[in-house]
Number of protein chains: 2
Amino acid sequence: MGRRNRAVFSIDYKTKEVLSEEDLSQLEEMWRRSVARIIISTTLAGSGHPGGSMSSIHALLLLYAMIRHNPQDPRWEERDRVLMSIGHISPATYSVLAEYGYITEEQFLTEFRRAGSPCAGHVEQAVPGVEWNTGNLGQGLSAGAAMALAQKLKGLKDAKTFVFMGDGEQQKGQIAEARRFAVKYGLSNLFGIVDRNHLQIGGSTEDVMPVRVREEYEASGWNVIYCPNGNDFSLCYKALRQALLKQDIEPEVPTVLVLRTTMGYGVSFMEDQAKYHGAPLKKDDAKKALEELGVDPGLLDEWEQKRANTHIKAVHCKNPEAAYPKIETGVPRVYGAEVNTDCRSAYGNALEDLAKINNSADELKVLGVSCDLEGSVKMQGFHKVSPDAFFEVGIQEHHAAVLAGALSREGFSVFFSTFGVFAVAETYNQHRLSDLNDTHLKVVATHLGLDVGEDGPTHQSIDYVGLLRNIFGFSIFMPADPNQTDRIVRYAARVPGNVFVGMGRSKLPVVLKEDGTPFFDDSYEFVPGRADWLRRGSKATLVAYGSVIPEVLGAWEILKEQGLDVGVLNMASLKPVDRDSLIEAAKIGPVITVEDHIPETGLGGIAASVFVEEGIVPKFRSLGVNSYGASGKPKDLYKMQGLDRESIAEAVKGLCGT
Amino acid sequence: MGRRNRAVFSIDYKTKEVLSEEDLSQLEEMWRRSVARIIISTTLAGSGHPGGSMSSIHALLLLYAMIRHNPQDPRWEERDRVLMSIGHISPATYSVLAEYGYITEEQFLTEFRRAGSPCAGHVEQAVPGVEWNTGNLGQGLSAGAAMALAQKLKGLKDAKTFVFMGDGEQQKGQIAEARRFAVKYGLSNLFGIVDRNHLQIGGSTEDVMPVRVREEYEASGWNVIYCPNGNDFSLCYKALRQALLKQDIEPEVPTVLVLRTTMGYGVSFMEDQAKYHGAPLKKDDAKKALEELGVDPGLLDEWEQKRANTHIKAVHCKNPEAAYPKIETGVPRVYGAEVNTDCRSAYGNALEDLAKINNSADELKVLGVSCDLEGSVKMQGFHKVSPDAFFEVGIQEHHAAVLAGALSREGFSVFFSTFGVFAVAETYNQHRLSDLNDTHLKVVATHLGLDVGEDGPTHQSIDYVGLLRNIFGFSIFMPADPNQTDRIVRYAARVPGNVFVGMGRSKLPVVLKEDGTPFFDDSYEFVPGRADWLRRGSKATLVAYGSVIPEVLGAWEILKEQGLDVGVLNMASLKPVDRDSLIEAAKIGPVITVEDHIPETGLGGIAASVFVEEGIVPKFRSLGVNSYGASGKPKDLYKMQGLDRESIAEAVKGLCGT
């Protein structure tokens with residue numbers, strides 16, 4: 001055991017119809033070493049998932065022998081990808097990666113599941129050869145579809161993507177969404193591999209939740225290849241070879257291999273035992289298992305000793321950098337005082353400009369993903385200019401979110417747009433996992449807040465700040481008008497990282513300076529973490545963002561007429577937030593936050609935290625959405641929640657004691 | 001038009017093989033009136049969804065003639081249910097409900113989509129006859145499955161549930177999850193009806209995202225009945241009758257009817273036009289449409305006038321009350337100082353007690369829903385005691401969340417348990433819609449926080465407070481030890497409404513008083529909004545909850561030894577929060593919040609808001625999870641984030657300036 005950078009074992013499946021005796025004997029040895037590692041690693045860690053690791057190890061070992069990859073250059077662009085959707089069978093992954101020279105056996109066995117090591121319980125990209133951080137089931141096929149699509153978009157003709165999935169995992173609805181997408185976009189280079197061991201953590205898949213796996217893939221239009229024994233190298237090879245050569249199957253559609261396997265295969269007392277899905281052997285049993293495998297059981301003690309002697313520096317493991325394209329942002333569009341449009345249209349225009357400047361017949365840099373709302377989110381212009389860069393995913397937001405996230409690590413600037421309730425509330429956990437993968441996704445959500453109006457509370461997104469504040473990597477930007485939208489969208493396209501840009505549905509007047517010219521004029525540049533003083537005032541400050549800005553400026557007007565001189569601070573950058581301006585406001589006098597959002601989790605909460613942390617606390621009131629809205633005109637809904645200009649003005653006066 | 005409480009039109013499908021001429025002529029008249037209402041309502045509202053309303057109206061009109069229902073008693077327990085999963089075809093729903101006497105035509109036409117009216121853009125239960133508030137697509141079949149299951153659980157042998165769905169909607173993955181559940185639990189009384197008009201908002205379903213609807217249902221094991229023209233009453237009747245009589249289909253499985261229809265059917269220039277999915281006719285066109293229907297176009301003006309004259313009181317429309325069962329909470333279990341267990345086990349024990357006391361062979365009151373984690377969330381005892389009350393949904397959290405929510409409005413106390421990342425982050429939007437339906441769901445999430453340990457960041461739920469604070473109806477409770485868990489779980493079972501109870505993975509010592517006896521002893525009663533002073537102190541206060549409590553008490557010990565007298569406040573009720581105790585702490589001196597959660601969106605943010613609102617601001621610091629955790633022992637992860645007792649003690653000393 002334990003050879004670093006060993007010669008990569010490979011099999012030329014194009015010429016070799018069946019495995020040779022030599023192949024088999026070599027594979028058997030690799031298998032024995034791998035299973036021993038699976039047992040040793042989980043037993044020494046005291047946790048982990050040996051059962052599924054052992055059922056899937058044959059296919060994994062074979063796959064790496066058949067695909068194009070380079071352990072010396074794990075991110076080689078032309079490589080075939082193996083994405084482990086079942087992130088919990090990390091012991092199998094690390095075993096195979098050690099076998100093929102990506103990592104050392106020593107690192108795996110001494111560090112597995114220890115804080116600070118990349119050899120985590122669920123696979124992470126910090127380990128060379130791992131394509132995607134996974135753990136929550138059902139998202140892998142979506143990420144794999146993005147990789148297969150990226151391979152096609154980059155013209156990597158022979159490059160393939162393999163997604164390794166569990167059979168319990170097939171229960172997740174998102175997989176059905178990914179299947180349809182893969183068929184629609186002809187992802188013939190996408191291969192699913194299902195480890196059909198008929199067990200999941202709760203017992204038999206038939207008891208927990210039956211899925212007709214093959215029938216469902218067939219119904220979706222996939223090729224289905226069944227291997228009656230996935231723990232037999234020869235049979236497994238036959239199935240993989242048929243898939244790779246596309247023998248007797250449709251060449252233009254994706255393919256799934258369903259491998260009938262045995263959980264815990266290779267150790268008599270582990271086989272077909274659901275409990276070994278997620279639990280390791282005790283030390284004594286582990287030694288028995290090693291003996292059964294013909295491996296020296298003393299290895300367990302040896303590795304235990306080495307593990308104890310290995311100190312891991314407690315650092316956060318970083319994913320490898322993913323290239324972000326150089327995006328030209330073009331000439332901003334300035335909307336004059338006379339313009340009456342919505343931020344959505346300004347977004348659509350800017351996105352169209354970005355496509356014109358950056359996308360060409362030779363190369364696409366800016367991509368768009370929509371969920372049956374192309375018209376509502378104003379992506380038609382982009383679609384028309386760059387039809388090959390636009391992906392209509394249908395009403396499949398979970399898949400769309402992961403697809404867009406994974407595409408954004410492939411050298412594209414990806415815009416994902418739909419209504420706020422779908423772009424954030426429905427897909428929060430998908431974005432969370434994308435963020436763990438250090439994606440560069442641009443989520444542009446429209447129809448936020450009560451401003452969505454008559455569609456009613458199911459469609460009123462009043463929580464997007466409160467939700468996205470929990471995802472460390474996301475910036476949150478809320479433009480105040482079409483001009484600021486234009487500038488923020490261009491900024492978002494240019495920078496790497498995850499960015500949220502939000503807007504309502506209604507038309508918004510162009511924000512003007514007191515002299516009547518556009519506030520966000522051609523000299524304006526968006527800077528994250530910098531708020532805009534739309535109006536300066538000496539008595540109090542209204543702090544707001546997004547669709548309520550016209551009402552806030554209206555309140556300012558009312559108060560001005562009544563002789564109360566207040567400032568208006570536009571907080572377009574909510575994360576990072578402009579702490580200095582908030583403190584400045586607090587030093588002036590009372591502060592009133594206003595938002596088409598729940599105040600405690602939105603700007604109201606953010607401002608309160610800043611004040612307390614800085615120890616400068618003004619008289620304070622937060623206005624916002626304090627109960628679910630009704631179905632009606634936004635104007636009426638604002639009034640019902642005290643967000644109309646008159647109510648805002650009254651609130652200011654109340655707080656100022658005038 | 002306009003007859004209130006008209007005699008309900010009905011057809012005895014058991015005896016009548018085909019519709020009579022008289023039936024047909026009556027249905028045609030109902031259809032004409034209904035389509036006129038669809039056009040008038042949307043044109044006058046200036047928004048809405050006429051197209052799908054017109055494609056589905058024949059089936060809806062027929063269905064209400066064939067099922068058992070009572071407009072005088074819309075919530076009659078033995079009724080058949082019609083759940084509109086496509087909430088946007090509210091104009092069809094209200095038309096049919098007006099036709100059958102549930103509401104008046106006048107209310108619908110004068111109030112549609114106006115703030116304060118129950119006649120919302122997407123259907124809400126505030127309208128008699130509406131079974132479920134919908135709007136976000138793909139959740140209806142899950143809610144319908146819950147209703148069909150409830151009908152079975154209540155022994156309502158003939159009661160059926162019909163779920164009306166769109167064909168675009170079939171793209172949502174959650175539907176695949178619901179399908180499998182319905183087959184597993186033999187919901188033969190569940191009927192899906194798919195309005196297959198081949199159009200969705202973005203155009204042809206084949207262009208947007210092809211779905212092989214019939215093949216997918218068949219692959220899932222459903223009966224599939226196809227009607228080649230769903231806008232032909234006779235053909236539609238034939239299909240509905242076959243479904244209801246279970247002719248030539250499997251009697252024990254659910255059935256879907258796929259009705260081939262025409263969007264905008266009945267008005268020549270609207271037919272097959274995707275734009276009328278979500279847009280009304282202009283006034284002129286509306287009059288032309290009415291003329292084509294043979295309806296007086298002057299009606300449009302008449303209703304416009306009436307609409308203008310109708311004032312709607314801007315109130316929030318409430319869903320009808322749903323009965324909550326009387327739950328006996330039994331004798332609390334008190335865990336002694338010597339006990340070493342986890343809150344999960346205390347939850348499992350309490351739930352088992354609740355089943356023993358409240359569930360019987362005759363009646364089930366407490367139900368449990370799990371997602372392939374029965375053992376991990378400790379539901380085995382409950383499952384064993386009450387096997388018929390336990391539902392294993394598999395790795396299908398979206399379906400499970402809606403199922404559990406909808407079941408909780410059927411007179412059951414429903415406990416939904418899985419890991420935090422699945423119970424909250426993955427299913428946030430499902431809970432949001434359940435809350436809009438005023439459900440009584442008990443979400444008990446385990447494995448919260450860094451405390452989940454080696455499973456790593458994909459499994460570390462560090463945002464649950466930050467997320468759930470955005471759902472108005474949810475309480476958030478975080479027990480400090482097994483004793484408090486026991487009391488909170490019993491409390492949650494007893495009270496109506498949505499309750500979240502959260503806990504980590506690890507064993508927690510029993511919280512003790514300074515005299516060494518259990519703090520939450522047999523005299524303790526859980527009261528929401530009341531925090532627990534675990535220790536009183538004069539110099540500063542540590543405020544904390546959940547899994548960090550042992551570390552916080554450890555810090556207290558360290559500080560005590562060093563002569564710093566601090567208090568420890570356990571904030572088990574985070575929503576509602578105990579404002580008075582926070583203020584009391586602020587008056588004592590510096591406040592340090594500690595949590596296994598992102599501090600800005602958790603207790604740290606909550607406390608800051610309270611301080612600012614009350615204008616009493618102490619020296620403040622919030623400790624928590626400030627970056628994604630690693631995969632390792634919870635102890636190591638706490639140390640990495642400064643949540644170990646030593647770091648906490650240091651932070652207190654720093655803030656106190658000692």
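In this predicted model, Asp644(A) is buried, with a relative accessible area of 6%. Its side chain meets that of Lys639(A) in a salt bridge, with N and O 3.6 Å apart. Lys639(A) itself is exposed, at a relative accessible area of 53%. Side chains of opposite charge can pair when their charged atoms come close.

Over all chains, a search of the whole structure finds 72 salt bridges. Some link into a network: Glu77(A), Arg79(A), Arg81(A), Glu131(A), Lys154(A) and Glu410(A) are connected in this way.

Asp486(B) pairs with Arg490(B), and the closest N and O atoms are 2.9 Å apart. Both residues belong to helix 18 (residues 482–494) of chain B. They are four residues apart, so about one helical turn separates them. Asp486(B) is buried, with a relative accessibility of 0%. Arg490(B) is also buried, with a relative accessible area of 3%.

The second salt bridge joins Arg645(B) and Glu551(B), whose closest N and O atoms are 3.2 Å apart. Here the partners come from two helices. Arg645(B) lies in helix 23 (residues 645–656) of chain B, while Glu551(B) lies in helix 19 (residues 549–561) of chain B. The pair therefore ties together parts that are 94 residues apart in sequence. Arg645(B) is partly exposed, at 29% relative accessibility. Glu551(B) has 16% relative accessibility and counts as buried, because the cut-off for that class is under 20%.

The contact between domains 2 and 3 of chain A takes 32 residues from domain 2 and 31 residues from domain 3. The size of an interface is often given as the accessible area lost when the parts come together. Domain 2 and domain 3 of chain A bury about 2,300 Å² between them. Carbon and sulfur atoms account for 59% of that area. On the domain 2 side, Leu450(A), Ile462(A) and Arg469(A) lose the most area to domain 3. Together they make up 28% of what that side buries. One salt bridge is found across this interface. Glu454(A) also forms a salt bridge with Lys633(A), where the closest N and O atoms are 3.0 Å apart.

Ile462(A) is buried, with a relative accessible area of 5%. Beyond its neighbours within four places in sequence, Ile462(A) is in contact with Gly449(A), Leu450(A), Asp596(A), His597(A), Ile598(A), Val625(A), Tyr628(A) and Phe472(B). Among these, Val625(A) is 163 residues away along the chain, yet the two C-alpha atoms are separated by 7.2 Å. The contact list also includes a residue of chain B, Phe472(B).

In total, 105 residues of chain B are in contact with 106 residues of chain A. The area buried between chain B and chain A is about 8,200 Å². Of this, 57% comes from carbon and sulfur atoms. Within chain B, Arg180(B), Phe472(B) and Tyr628(B) lose the most area to chain A. Together they supply 10% of what that side buries. Eight salt bridges are counted between the two chains. Charged side chains also meet at Lys172(B) and Glu426(A), in a salt bridge of 2.7 Å from N to O.

Of its 17 residues, 17 are buried, so helix 2 of chain B is largely enclosed by the rest of the structure.

How values were computed
Residues are numbered from 1 along each chain as its sequence is written. Chains are lettered from A and ligands numbered from 1 in the order in which they are written. This is a predicted model: local features need pLDDT of at least 70, side-chain atom pairs count only at pLDDT 80 or more; totals for chains, interfaces and linings use all residues. Side-chain values use heavy atoms; hydrogens and water are left out. Buried means under 20% relative accessible area, exposed over 50%, partly exposed in between (1.4 Å probe, protein chains only). Contact means heavy atoms within 4.5 Å. Buried area is the accessible area (1.4 Å probe) that two parts lose on being put together, summed over both. A salt bridge is a side-chain nitrogen of Lys or Arg within 4 Å of a carboxyl oxygen of Asp or Glu.
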